Amino acid sequence: MFERFTKDARDVVKGAVEQAEGAGAGRVGAEHLLLALLDREGSRASFALSALGAGERRESVRTALGEARRRAGLTQAETDALAGIGIDVSEIVARVEEVHGTGAMSGDRKGPGRRSGHRPFDRAAKDVLTGALRAATALRDRRIGDEHLLLALTTRPGVPAEVLADHGVTYESVTRVLYGEGEAKAG
């Protein structure tokens with residue numbers, strides 16, 4: 001599948017690995033793909049993000065992803081659902097961090113055994129890569145670009161899609177910006 005990736009899409013995947021390494025994460029996740037997309041300039045995905053206003057709110061997106069990571073990757077919807085049955089996730093996070101340190105629930109802490117090198121992709125990141133292929137196929141594009149990665153991130157349930165939607169970036173808004181009002185690109 002990677003042979004079909006454009007240079008921009010490959011750069012996003014490489015950037016996601018760097019994001020995971022920088023965070024000390026053992027695996028590359030969907031959030032790392034999103035962070036790598038936010039760092040891009042001059043690509044179709046960066047154009048879409050800028051056109052939708054997310055370009056200027058990069059730090060807000062990063063902050064929202066960081067907050068979700070501190071909640072052990074729970075979405076705000078999941079946090080709200082737990083609150084509905086009397087479980088205060090922020091209180092749990094505060095207590096765990098009080099004992100074990102800030103970010104203890106994130107899974108990103110570097111330990112003595114953590115080494116640099118190959119980082120496997122977690123299930124969510126693999127699903128995004130597969131979703132990018134599906135998006136390209138549905139749009140009759142022969143190559144998989146970073147815009148397809150962005151589209152895949154908007155459709156896979158989880159923190160990245162929730163954060164993007166909170167910042168006005170949805171599958172519909174991205175396709176509208178890139179391909180016109182409701183029309184798919186002709187091949």
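Throughout this tour, buried means under 20% relative accessible area, exposed means over 50%, and partly exposed is what lies in between, with a 1.4 Å probe and protein chains only. The model is predicted, so local features need pLDDT of at least 70 and side-chain atom pairs count only at pLDDT 80 or more, while totals for chains, interfaces and linings use all residues. Residues are numbered from 1 along each chain as its sequence is written, and side-chain values use heavy atoms, with hydrogens and water left out.

**The whole chain**

Begin with a cartoon of the protein, whose secondary structure comes to ten helices and zero strands; helices (H or I, at least four residues) and strands (E, at least two) are DSSP runs, numbered from the N terminus. Of the 187 residues in the protein, 43% are buried. Contact here means heavy atoms within 4.5 Å, and among contacts with a separation of 6 or more, 67% are between residues 24 or more positions apart.

**The core and helix H8**

Next, select Leu149, Leu150, Leu153, Val169 and Val174, which touch the most other members of the 47-residue largest nonpolar core. Such a core is a set of buried Ala, Val, Leu, Ile, Met, Phe, Trp, Tyr and Cys residues joined through side-chain atoms within 4.5 Å. Helices that each supply at least two residues of this core include H1 (7-23), H4 (58-70), H8 (146-155) and H10 (171-179). In soluble globular proteins, nonpolar side chains tend to be buried together.

Centre the view on Leu150, and, leaving out residues up to four places away in sequence, its contacts are Leu37, Ala45, Ala48, Leu49, Leu164, Val169 and Val174. Widening the selection to H8 shows a helix that is largely enclosed by the rest of the structure, because nine of its ten residues are buried.

Ser173, placed in helix H10, is buried at 4% relative accessibility, and it touches Leu52 and Gly168 when residues up to four places away in sequence are not counted. Thr175 also lies in helix H10 and is buried, with a relative accessible area of 15%; leaving aside neighbours within four places in sequence, Thr175 is in contact with Leu151 and Gly180.

**Salt bridges**

Now display the charged side chains, where the structure holds eight salt bridges, each being a side-chain nitrogen of Lys or Arg within 4 Å of a carboxyl oxygen of Asp or Glu. Select Arg156 and Asp127, whose side chains meet in a salt bridge (3.3 Å, N to O). This pair links distant parts of the chain, 29 residues apart, with Arg156 in the loop between H8 and H9 and Asp127 in helix H7. Arg156 is partly exposed, with a relative accessible area of 26%, and Asp127 is partly exposed at 27%.

Salt bridges that share partners also join Lys7, Asp8, Asp11 and Arg40 into one network. Within it, Asp11 and Lys7 meet at 2.8 Å, N to O, and, being four residues apart in helix H1, they are separated by about one helical turn.

**Loops and surface**

Move to Arg140 in the loop between H7 and H8, which has a positive phi of about 60 degrees although it is not a glycine. Most residues other than glycine have a negative phi. Arg140 is exposed, with a relative accessible area of 55%.

Gly73, in the loop between H4 and helix H5 (76-84), is partly exposed at 39% relative accessibility. Gly73 and Gly158 are 85 residues apart in sequence, yet 8.4 Å apart in space, C-alpha to C-alpha.

Finish with Ile85, Ile87 and Ile92, a nonpolar surface patch with about 270 Å² of accessible area together. Patches are made of residues with over 30% relative accessible area and no salt bridge, like charges being joined within 9 Å and nonpolar side chains (Val, Leu, Ile, Met, Phe, Trp, Tyr) within 5 Å. Ile92 lies in helix H6 (residues 89-100) and is partly exposed, with a relative accessible area of 40%.

Definitions and conventions:
Areas by Shrake-Rupley, 256 points an atom, 1.4 Å probe, with all protein chains shown as cover.
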